[in-house]
Amino acid sequence: MNILEKLLSISRRKSPWIYCLNAGSCNGCDIEIAACLSPRYDPEQVGTLKQGSPKHADILLVTGPLTLRTQDALRDIWGQIPRPKAVVAIGSCPASGNVFAGSPSVVGALAQVIPVDVYVPGCPPRPQAILVGCLQAAGLLAEGRTHDQQANREDGR
Amino acid sequence: MNAWWRTGSALLLWPGLIGGAALAWLFLWIQRKLAARLQGRKGPPFYQPFFDFIKLLGKETVTPGGVNRGLLHALPLASVIAATCALALIPVPGNLMPSFAGDLIVVLYLLEMPALCEVLAGYSSRSLYGQVGAAREATLWLGYNLPFLAAVVALAIRAKSLSLRALAATPLGPVHFAAALAFLFALPARLKRNPFSIPNAEQEIVAGPFTEYNGVPLAFFELSHGLELVALVSLFTALFLPLGHTPGLRWLLALLGSGALVALITLVATATARLTVRQAFRLYWSWGACAAILALMIAGIW
(Lines give C-alpha, C1' and ligand atoms only; values in the text may rest on other atoms or scores of the structure.)
Protein backbone atom coordinates (compact mmCIF):
# COMPACT_ATOMS: atom_id res chain seq x y z
CA MET A 1 0.00 0.00 0.00
CA ASN A 2 1.66 3.23 -1.09
CA ILE A 3 1.27 6.55 0.72
CA LEU A 4 -1.56 7.88 -1.48
CA GLU A 5 -3.63 4.74 -1.00
CA LYS A 6 -3.00 4.96 2.74
CA LEU A 7 -4.16 8.61 2.80
CA LEU A 8 -7.30 7.70 0.85
CA SER A 9 -7.98 4.81 3.21
CA ILE A 10 -7.71 7.09 6.27
CA SER A 11 -9.98 9.68 4.57
CA ARG A 12 -12.64 7.04 3.93
CA ARG A 13 -12.54 6.04 7.61
CA LYS A 14 -12.66 9.65 8.82
CA SER A 15 -15.38 11.01 6.55
CA PRO A 16 -18.38 8.67 6.15
CA TRP A 17 -21.30 10.65 4.71
CA ILE A 18 -24.65 8.93 5.10
CA TYR A 19 -27.95 8.85 3.24
CA CYS A 20 -31.05 7.51 5.01
CA LEU A 21 -33.77 5.58 3.20
CA ASN A 22 -37.07 4.42 4.68
CA ALA A 23 -38.07 1.21 2.86
CA GLY A 24 -41.49 0.82 4.47
CA SER A 25 -40.39 1.23 8.07
CA CYS A 26 -42.83 1.88 10.96
CA ASN A 27 -40.74 5.07 11.58
CA GLY A 28 -39.34 3.71 14.86
CA CYS A 29 -35.83 3.27 13.46
CA ASP A 30 -36.03 6.63 11.65
CA ILE A 31 -36.75 8.36 14.96
CA GLU A 32 -33.69 6.63 16.43
CA ILE A 33 -31.58 7.79 13.44
CA ALA A 34 -32.84 11.34 14.05
CA ALA A 35 -31.82 10.96 17.71
CA CYS A 36 -28.42 9.68 16.59
CA LEU A 37 -27.94 12.84 14.49
CA SER A 38 -28.94 15.12 17.38
CA PRO A 39 -26.42 17.20 19.43
CA ARG A 40 -26.45 14.59 22.23
CA TYR A 41 -24.67 11.94 20.11
CA ASP A 42 -23.21 14.38 17.50
CA PRO A 43 -21.98 12.10 14.69
CA GLU A 44 -20.08 15.06 13.18
CA GLN A 45 -17.33 14.58 15.77
CA VAL A 46 -16.33 11.41 13.89
CA GLY A 47 -16.93 13.06 10.50
CA THR A 48 -20.38 11.61 9.77
CA LEU A 49 -22.66 14.01 7.90
CA LYS A 50 -26.19 13.34 6.71
CA GLN A 51 -26.47 14.20 3.03
CA GLY A 52 -29.65 15.10 1.16
CA SER A 53 -28.45 13.74 -2.19
CA PRO A 54 -27.46 10.06 -2.61
CA LYS A 55 -24.73 11.23 -5.01
CA HIS A 56 -22.84 12.81 -2.07
CA ALA A 57 -23.12 9.77 0.20
CA ASP A 58 -20.79 6.87 1.05
CA ILE A 59 -23.07 4.84 3.29
CA LEU A 60 -26.73 3.96 2.72
CA LEU A 61 -28.79 3.46 5.88
CA VAL A 62 -31.90 1.37 5.17
CA THR A 63 -34.78 0.95 7.61
CA GLY A 64 -37.95 -1.09 7.20
CA PRO A 65 -38.95 -4.53 5.89
CA LEU A 66 -38.62 -3.57 2.18
CA THR A 67 -42.15 -3.41 0.79
CA LEU A 68 -43.00 -4.21 -2.83
CA ARG A 69 -43.59 -0.52 -3.54
CA THR A 70 -40.17 0.64 -2.30
CA GLN A 71 -37.88 -2.00 -3.86
CA ASP A 72 -37.46 -0.20 -7.21
CA ALA A 73 -36.70 3.10 -5.46
CA LEU A 74 -34.18 1.27 -3.26
CA ARG A 75 -32.34 -0.22 -6.28
CA ASP A 76 -32.39 3.18 -8.01
CA ILE A 77 -30.94 5.05 -5.00
CA TRP A 78 -28.33 2.35 -4.34
CA GLY A 79 -27.26 2.67 -7.98
CA GLN A 80 -26.97 6.47 -7.66
CA ILE A 81 -24.42 6.33 -4.83
CA PRO A 82 -20.92 6.62 -6.37
CA ARG A 83 -18.46 3.78 -5.69
CA PRO A 84 -17.06 2.79 -3.20
CA LYS A 85 -20.22 2.45 -1.11
CA ALA A 86 -21.50 0.53 1.90
CA VAL A 87 -24.98 -0.48 3.05
CA VAL A 88 -26.03 -0.55 6.71
CA ALA A 89 -29.32 -2.28 7.59
CA ILE A 90 -30.89 -0.53 10.60
CA GLY A 91 -33.14 -2.63 12.86
CA SER A 92 -34.55 -6.12 12.68
CA CYS A 93 -36.84 -5.52 9.67
CA PRO A 94 -34.20 -5.35 6.87
CA ALA A 95 -32.44 -8.37 8.42
CA SER A 96 -35.37 -10.76 8.61
CA GLY A 97 -38.67 -9.00 7.95
CA ASN A 98 -39.32 -8.99 11.70
CA VAL A 99 -43.08 -9.12 12.50
CA PHE A 100 -43.85 -8.34 8.85
CA ALA A 101 -42.18 -11.54 7.56
CA GLY A 102 -44.50 -13.48 5.27
CA SER A 103 -46.75 -10.50 4.53
CA PRO A 104 -47.90 -10.44 0.86
CA SER A 105 -46.78 -6.79 0.51
CA VAL A 106 -43.24 -7.38 1.80
CA VAL A 107 -40.30 -8.60 -0.33
CA GLY A 108 -38.30 -10.05 2.57
CA ALA A 109 -34.72 -9.64 3.66
CA LEU A 110 -32.82 -6.65 2.25
CA ALA A 111 -29.86 -8.83 1.22
CA GLN A 112 -32.04 -10.39 -1.52
CA VAL A 113 -32.04 -7.03 -3.35
CA ILE A 114 -28.75 -5.25 -2.53
CA PRO A 115 -25.61 -6.50 -0.72
CA VAL A 116 -25.66 -5.55 2.99
CA ASP A 117 -22.36 -4.90 4.80
CA VAL A 118 -23.37 -4.17 8.39
CA TYR A 119 -26.47 -5.20 10.35
CA VAL A 120 -27.53 -3.12 13.37
CA PRO A 121 -30.00 -5.32 15.28
CA GLY A 122 -32.78 -4.03 17.50
CA CYS A 123 -36.40 -2.99 17.29
CA PRO A 124 -35.50 -0.14 17.26
CA PRO A 125 -31.71 -0.07 17.86
CA ARG A 126 -30.18 2.51 20.20
CA PRO A 127 -28.65 5.66 18.63
CA GLN A 128 -25.20 4.61 19.88
CA ALA A 129 -25.58 1.27 18.06
CA ILE A 130 -26.50 3.08 14.82
CA LEU A 131 -23.40 5.27 15.14
CA VAL A 132 -21.22 2.20 15.77
CA GLY A 133 -22.76 0.56 12.68
CA CYS A 134 -21.85 3.61 10.55
CA LEU A 135 -18.28 3.56 11.90
CA GLN A 136 -17.94 -0.17 11.18
CA ALA A 137 -19.11 0.45 7.62
CA ALA A 138 -16.55 3.28 7.32
CA GLY A 139 -13.88 0.87 8.55
CA LEU A 140 -14.90 -1.66 5.89
CA LEU A 141 -14.72 1.09 3.24
CA ALA A 142 -11.24 2.03 4.43
CA GLU A 143 -10.03 -1.57 4.26
CA GLY A 144 -11.72 -2.19 0.89
CA ARG A 145 -13.83 -5.00 2.33
CA THR A 146 -17.39 -3.91 1.50
CA HIS A 147 -19.37 -6.21 -0.79
CA ASP A 148 -19.41 -3.52 -3.46
CA GLN A 149 -15.61 -3.08 -3.42
CA GLN A 150 -15.06 -6.86 -3.50
CA ALA A 151 -17.46 -7.26 -6.45
CA ASN A 152 -15.57 -4.48 -8.29
CA ARG A 153 -12.25 -6.24 -7.75
CA GLU A 154 -13.69 -9.45 -9.17
CA ASP A 155 -14.89 -7.49 -12.21
CA GLY A 156 -11.33 -6.22 -12.60
CA ARG A 157 -12.24 -2.53 -12.16
CA MET B 1 13.61 37.66 -8.22
CA ASN B 2 11.92 38.68 -11.43
CA ALA B 3 8.21 39.31 -11.95
CA TRP B 4 7.50 35.80 -13.34
CA TRP B 5 8.83 34.06 -10.24
CA ARG B 6 6.93 36.41 -7.97
CA THR B 7 3.68 35.86 -9.88
CA GLY B 8 4.20 32.10 -9.89
CA SER B 9 4.90 31.92 -6.18
CA ALA B 10 1.86 34.11 -5.42
CA LEU B 11 -0.37 31.85 -7.55
CA LEU B 12 0.93 28.51 -6.31
CA LEU B 13 2.40 28.96 -2.82
CA TRP B 14 1.15 31.99 -0.91
CA PRO B 15 -1.58 33.22 -0.89
CA GLY B 16 -2.53 31.14 -3.94
CA LEU B 17 -3.33 27.44 -4.24
CA ILE B 18 -1.34 25.69 -1.48
CA GLY B 19 -1.41 28.38 1.22
CA GLY B 20 -4.96 29.31 0.25
CA ALA B 21 -6.20 25.70 0.45
CA ALA B 22 -4.59 25.23 3.88
CA LEU B 23 -6.21 28.45 5.11
CA ALA B 24 -9.52 27.47 3.47
CA TRP B 25 -9.59 24.14 5.33
CA LEU B 26 -8.74 25.95 8.58
CA PHE B 27 -11.54 28.49 8.09
CA LEU B 28 -14.07 25.82 7.06
CA TRP B 29 -13.15 23.90 10.21
CA ILE B 30 -13.54 27.03 12.39
CA GLN B 31 -17.02 27.51 10.89
CA ARG B 32 -18.08 23.92 11.55
CA LYS B 33 -16.49 23.70 15.00
CA LEU B 34 -17.90 27.01 16.22
CA ALA B 35 -21.37 26.18 14.87
CA ALA B 36 -21.18 22.81 16.67
CA ARG B 37 -20.09 24.39 19.97
CA LEU B 38 -22.91 26.96 19.73
CA GLN B 39 -25.42 24.14 19.18
CA GLY B 40 -24.09 22.25 22.20
CA ARG B 41 -22.21 19.65 20.14
CA LYS B 42 -18.60 18.57 20.16
CA GLY B 43 -17.88 19.30 16.49
CA PRO B 44 -15.44 17.80 13.99
CA PRO B 45 -11.65 17.53 14.54
CA PHE B 46 -9.45 20.10 12.78
CA TYR B 47 -8.45 17.79 9.90
CA GLN B 48 -12.07 17.12 8.86
CA PRO B 49 -12.33 19.40 5.75
CA PHE B 50 -9.02 18.00 4.44
CA PHE B 51 -10.14 14.37 4.75
CA ASP B 52 -13.54 15.22 3.23
CA PHE B 53 -11.70 16.65 0.21
CA ILE B 54 -9.37 13.65 -0.21
CA LYS B 55 -12.24 11.19 0.17
CA LEU B 56 -14.26 12.96 -2.54
CA LEU B 57 -11.20 12.86 -4.84
CA GLY B 58 -11.05 9.08 -4.36
CA LYS B 59 -14.67 8.47 -5.30
CA GLU B 60 -16.07 7.41 -8.63
CA THR B 61 -17.48 10.29 -10.72
CA VAL B 62 -20.95 9.51 -12.04
CA THR B 63 -22.01 11.59 -15.05
CA PRO B 64 -25.78 12.16 -15.00
CA GLY B 65 -27.60 11.15 -18.18
CA GLY B 66 -27.72 13.89 -20.84
CA VAL B 67 -25.05 16.03 -19.17
CA ASN B 68 -21.88 16.99 -21.05
CA ARG B 69 -18.95 15.24 -19.34
CA GLY B 70 -16.50 18.00 -20.25
CA LEU B 71 -18.76 20.70 -18.82
CA LEU B 72 -19.26 18.70 -15.61
CA HIS B 73 -15.49 18.81 -14.98
CA ALA B 74 -14.71 22.23 -16.51
CA LEU B 75 -17.07 24.32 -14.36
CA PRO B 76 -15.58 23.40 -10.94
CA LEU B 77 -12.06 23.68 -12.38
CA ALA B 78 -12.78 27.18 -13.74
CA SER B 79 -14.22 28.09 -10.36
CA VAL B 80 -11.09 26.93 -8.50
CA ILE B 81 -8.74 28.70 -10.95
CA ALA B 82 -10.68 31.98 -10.73
CA ALA B 83 -10.76 31.89 -6.92
CA THR B 84 -7.01 31.11 -6.78
CA CYS B 85 -6.14 33.99 -9.14
CA ALA B 86 -8.34 36.39 -7.15
CA LEU B 87 -6.65 35.30 -3.94
CA ALA B 88 -3.16 35.73 -5.43
CA LEU B 89 -3.92 39.38 -6.31
CA ILE B 90 -5.11 40.42 -2.84
CA PRO B 91 -2.38 42.30 -0.89
CA VAL B 92 -2.21 40.07 2.19
CA PRO B 93 1.07 40.12 4.21
CA GLY B 94 3.79 38.16 2.41
CA ASN B 95 2.18 38.34 -1.04
CA LEU B 96 4.95 38.78 -3.64
CA MET B 97 2.58 39.45 -6.55
CA PRO B 98 3.63 42.67 -8.33
CA SER B 99 0.80 45.23 -8.17
CA PHE B 100 -0.53 46.80 -11.35
CA ALA B 101 -3.00 49.59 -12.10
CA GLY B 102 -6.54 48.24 -12.25
CA ASP B 103 -5.98 44.98 -10.35
CA LEU B 104 -9.04 45.89 -8.27
CA ILE B 105 -11.26 45.41 -11.32
CA VAL B 106 -9.61 42.06 -12.15
CA VAL B 107 -10.21 40.83 -8.58
CA LEU B 108 -13.86 41.91 -8.66
CA TYR B 109 -14.44 40.04 -11.93
CA LEU B 110 -12.58 36.92 -10.72
CA LEU B 111 -14.62 36.91 -7.49
CA GLU B 112 -17.81 36.73 -9.56
CA MET B 113 -16.61 33.59 -11.34
CA PRO B 114 -17.42 30.99 -8.61
CA ALA B 115 -21.02 32.26 -8.39
CA LEU B 116 -21.32 32.23 -12.20
CA CYS B 117 -19.93 28.67 -12.39
CA GLU B 118 -22.38 27.60 -9.71
CA VAL B 119 -25.34 29.02 -11.63
CA LEU B 120 -24.18 27.33 -14.85
CA ALA B 121 -23.56 24.06 -12.95
CA GLY B 122 -27.07 24.15 -11.53
CA TYR B 123 -28.72 24.76 -14.90
CA SER B 124 -26.54 22.27 -16.81
CA SER B 125 -27.00 19.40 -14.33
CA ARG B 126 -30.57 18.74 -15.59
CA SER B 127 -31.77 18.37 -12.02
CA LEU B 128 -34.91 20.20 -10.92
CA TYR B 129 -33.32 21.04 -7.57
CA GLY B 130 -30.19 22.25 -9.33
CA GLN B 131 -32.22 24.58 -11.54
CA VAL B 132 -34.18 25.99 -8.60
CA GLY B 133 -30.90 26.56 -6.72
CA ALA B 134 -29.28 28.21 -9.74
CA ALA B 135 -32.26 30.54 -10.26
CA ARG B 136 -32.11 31.54 -6.58
CA GLU B 137 -28.36 32.14 -6.77
CA ALA B 138 -28.74 34.32 -9.86
CA THR B 139 -31.49 36.37 -8.19
CA LEU B 140 -29.53 36.81 -5.00
CA TRP B 141 -26.47 37.80 -7.02
CA LEU B 142 -28.30 40.95 -8.22
CA GLY B 143 -29.08 41.74 -4.59
CA TYR B 144 -25.82 41.32 -2.68
CA ASN B 145 -23.61 42.90 -5.33
CA LEU B 146 -25.24 46.31 -4.76
CA PRO B 147 -23.73 46.96 -1.29
CA PHE B 148 -20.59 44.90 -2.10
CA LEU B 149 -19.62 46.83 -5.22
CA ALA B 150 -20.64 50.16 -3.65
CA ALA B 151 -18.30 49.49 -0.71
CA VAL B 152 -15.33 48.81 -2.99
CA VAL B 153 -16.15 51.71 -5.35
CA ALA B 154 -16.43 54.11 -2.38
CA LEU B 155 -12.91 53.11 -1.28
CA ALA B 156 -11.64 53.56 -4.84
CA ILE B 157 -13.14 57.07 -5.00
CA ARG B 158 -11.51 57.92 -1.66
CA ALA B 159 -8.10 56.58 -2.75
CA LYS B 160 -8.48 58.02 -6.30
CA SER B 161 -6.98 54.77 -7.61
CA LEU B 162 -7.97 51.35 -8.95
CA SER B 163 -4.94 49.57 -7.50
CA LEU B 164 -5.52 47.32 -4.47
CA ARG B 165 -2.25 48.35 -2.81
CA ALA B 166 -3.22 52.03 -3.03
CA LEU B 167 -6.62 51.21 -1.52
CA ALA B 168 -5.04 49.20 1.28
CA ALA B 169 -2.56 52.01 2.02
CA THR B 170 -5.27 54.70 2.37
CA PRO B 171 -5.45 55.92 6.00
CA LEU B 172 -8.70 54.98 7.75
CA GLY B 173 -11.47 57.57 7.56
CA PRO B 174 -15.26 57.82 7.92
CA VAL B 175 -15.70 56.27 4.47
CA HIS B 176 -14.07 53.07 5.72
CA PHE B 177 -16.72 52.59 8.40
CA ALA B 178 -19.63 53.06 6.00
CA ALA B 179 -17.96 50.85 3.36
CA ALA B 180 -17.11 48.14 5.92
CA LEU B 181 -20.77 48.11 6.97
CA ALA B 182 -21.92 47.60 3.37
CA PHE B 183 -19.20 44.95 2.78
CA LEU B 184 -20.14 42.99 5.91
CA PHE B 185 -23.81 43.20 4.95
CA ALA B 186 -23.07 41.54 1.59
CA LEU B 187 -20.68 38.90 2.98
CA PRO B 188 -23.12 36.21 4.33
CA ALA B 189 -25.00 36.15 1.01
CA ARG B 190 -21.77 35.93 -1.00
CA LEU B 191 -20.73 32.94 1.12
CA LYS B 192 -24.24 31.44 1.07
CA ARG B 193 -24.43 31.27 4.85
CA ASN B 194 -27.56 31.78 6.97
CA PRO B 195 -29.77 33.85 6.81
CA PHE B 196 -28.90 33.89 3.09
CA SER B 197 -28.24 30.15 2.56
CA ILE B 198 -31.01 30.33 -0.02
CA PRO B 199 -29.32 28.84 -3.14
CA ASN B 200 -27.93 25.73 -1.39
CA ALA B 201 -30.82 25.40 1.09
CA GLU B 202 -30.45 21.89 2.52
CA GLN B 203 -33.68 20.20 3.76
CA GLU B 204 -35.41 22.30 1.13
CA ILE B 205 -33.87 21.78 -2.33
CA VAL B 206 -31.46 18.89 -1.46
CA ALA B 207 -28.06 20.51 -2.20
CA GLY B 208 -29.12 23.21 -4.68
CA PRO B 209 -26.88 23.54 -7.77
CA PHE B 210 -24.59 20.71 -6.52
CA THR B 211 -27.34 18.06 -6.18
CA GLU B 212 -26.09 16.03 -9.16
CA TYR B 213 -22.39 16.68 -8.52
CA ASN B 214 -20.25 13.94 -6.99
CA GLY B 215 -16.68 12.72 -6.73
CA VAL B 216 -13.91 14.93 -8.14
CA PRO B 217 -16.10 17.81 -9.46
CA LEU B 218 -17.83 18.08 -6.07
CA ALA B 219 -14.44 18.11 -4.31
CA PHE B 220 -13.32 20.98 -6.56
CA PHE B 221 -16.50 22.95 -5.87
CA GLU B 222 -15.92 22.50 -2.11
CA LEU B 223 -12.33 23.70 -2.55
CA SER B 224 -13.41 26.72 -4.60
CA HIS B 225 -15.97 27.62 -1.94
CA GLY B 226 -13.18 27.53 0.67
CA LEU B 227 -10.85 29.61 -1.52
CA GLU B 228 -13.63 32.14 -2.12
CA LEU B 229 -14.13 32.38 1.65
CA VAL B 230 -10.40 33.04 2.16
CA ALA B 231 -10.32 35.58 -0.70
CA LEU B 232 -13.28 37.59 0.61
CA VAL B 233 -12.10 37.52 4.22
CA SER B 234 -8.56 38.56 3.28
CA LEU B 235 -9.93 41.28 0.99
CA PHE B 236 -11.74 42.66 4.03
CA THR B 237 -8.64 42.50 6.27
CA ALA B 238 -6.47 44.08 3.55
CA LEU B 239 -8.87 46.94 2.82
CA PHE B 240 -10.38 47.79 6.20
CA LEU B 241 -7.93 46.77 8.95
CA PRO B 242 -4.96 49.02 9.84
CA LEU B 243 -2.28 46.31 9.72
CA GLY B 244 0.71 48.64 10.24
CA HIS B 245 4.21 47.95 8.93
CA THR B 246 5.87 45.73 11.59
CA PRO B 247 6.42 42.40 9.74
CA GLY B 248 5.48 39.93 12.53
CA LEU B 249 2.61 42.02 13.86
CA ARG B 250 1.19 42.42 10.33
CA TRP B 251 0.86 38.65 9.94
CA LEU B 252 -0.63 38.23 13.39
CA LEU B 253 -3.18 41.03 12.92
CA ALA B 254 -4.21 39.75 9.48
CA LEU B 255 -4.73 36.19 10.78
CA LEU B 256 -6.59 37.34 13.92
CA GLY B 257 -8.77 39.70 11.88
CA SER B 258 -9.64 36.96 9.37
CA GLY B 259 -10.39 34.47 12.16
CA ALA B 260 -12.62 36.99 13.95
CA LEU B 261 -14.51 37.73 10.72
CA VAL B 262 -15.07 34.00 10.07
CA ALA B 263 -16.30 33.63 13.66
CA LEU B 264 -18.68 36.60 13.22
CA ILE B 265 -20.15 35.09 10.02
CA THR B 266 -20.63 31.74 11.80
CA LEU B 267 -22.25 33.45 14.79
CA VAL B 268 -24.78 35.20 12.53
CA ALA B 269 -25.35 31.97 10.57
CA THR B 270 -26.03 29.93 13.72
CA ALA B 271 -28.30 32.55 15.30
CA THR B 272 -30.56 33.11 12.30
CA ALA B 273 -33.01 31.15 10.16
CA ARG B 274 -33.18 31.17 6.37
CA LEU B 275 -35.00 34.01 4.59
CA THR B 276 -36.92 33.56 1.35
CA VAL B 277 -35.48 34.91 -1.92
CA ARG B 278 -38.07 37.71 -1.94
CA GLN B 279 -37.23 38.84 1.61
CA ALA B 280 -33.47 38.71 0.97
CA PHE B 281 -33.78 40.64 -2.29
CA ARG B 282 -35.94 43.31 -0.65
CA LEU B 283 -33.45 43.55 2.25
CA TYR B 284 -30.56 44.18 -0.13
CA TRP B 285 -32.39 46.68 -2.31
CA SER B 286 -33.67 48.68 0.71
CA TRP B 287 -31.15 48.54 3.58
CA GLY B 288 -28.34 47.41 1.29
CA ALA B 289 -29.05 50.34 -1.02
CA CYS B 290 -29.06 52.70 2.01
CA ALA B 291 -25.62 51.41 3.06
CA ALA B 292 -24.37 51.71 -0.53
CA ILE B 293 -25.61 55.31 -0.93
CA LEU B 294 -24.21 56.27 2.50
CA ALA B 295 -20.75 54.88 1.63
CA LEU B 296 -20.71 56.61 -1.79
CA MET B 297 -21.93 59.93 -0.33
CA ILE B 298 -19.28 59.95 2.39
CA ALA B 299 -16.64 59.05 -0.22
CA GLY B 300 -17.81 61.97 -2.37
CA ILE B 301 -17.94 64.53 0.50
CA TRP B 302 -14.74 63.70 2.47
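Helix H3 of chain B has its buried residues covered by parts of both chains, among them helix H1 (3-14) of chain A, plus helix H2 (17-38) and H9 of chain B. This is a predicted model, where local features need pLDDT of at least 70, side-chain atom pairs count only at pLDDT 80 or more, and totals for chains, interfaces and linings use all residues. Residues are numbered from 1 along each chain as its sequence is written, with chains lettered from A and ligands numbered from 1 in the order in which they are written.

**Exercise 1.** Work out how many residues of helix H3 of chain B are buried, and which.

Start with the helix itself: helices are DSSP runs (H or I, at least four residues), numbered from the N terminus, and H3 takes in residues 48-57. Next, the cut-off: a residue is buried if 20 or more other C-beta atoms, placed from the backbone, lie within 10 Å of its own. By that count, 9 of the 10 residues in H3 are buried. They run from B:Gln48, B:Pro49, B:Phe50, B:Phe51 and B:Asp52 to B:Phe53, B:Ile54, B:Lys55 and B:Leu56.

**Exercise 2.** Find the residues with the most contacts inside the largest nonpolar core.

A nonpolar core is a set of buried Ala, Val, Leu, Ile, Met, Phe, Trp, Tyr and Cys residues joined through C-beta atoms within 7 Å. The largest one has 89 residues, and B:Ala86, B:Ala182 and B:Ala295 have the most contacts inside it. Helix H9 (residues 215-240) of chain B gives the most to this core, namely 15 residues. Now zoom in on B:Ala86: leaving out residues up to four places away in sequence, B:Ala86 touches B:Val107, B:Leu110, B:Leu111 and B:Ala231.

**Exercise 3.** Check chain B against the globule rule.

The rule is 2.2 Å times the number of residues to the power 0.38, with the radius of gyration taken over C-alpha atoms. For 302 residues, a compact globule would come out near 19 Å; chain B has 19 Å, so the two agree. Its C-alpha trace spans about 55 × 50 × 40 Å along the principal axes. As for make-up, chain B has 11 helices and 0 strands.

**Exercise 4.** Describe how chain A meets chain B.

Two residues are in contact if their C-beta atoms, placed from the backbone, lie within 7 Å. On that basis, 18 residues of chain A contact 27 residues of chain B. Finally, the predictor gives the complex an ipTM of 0.90 and a pTM of 0.91.

Conventions. Helix = DSSP H or I, 4+ residues; strand = E, 2+ residues; numbered from the N terminus. Buried ≥ 20, exposed ≤ 12 C-beta atoms within 10 Å, placed from the backbone.
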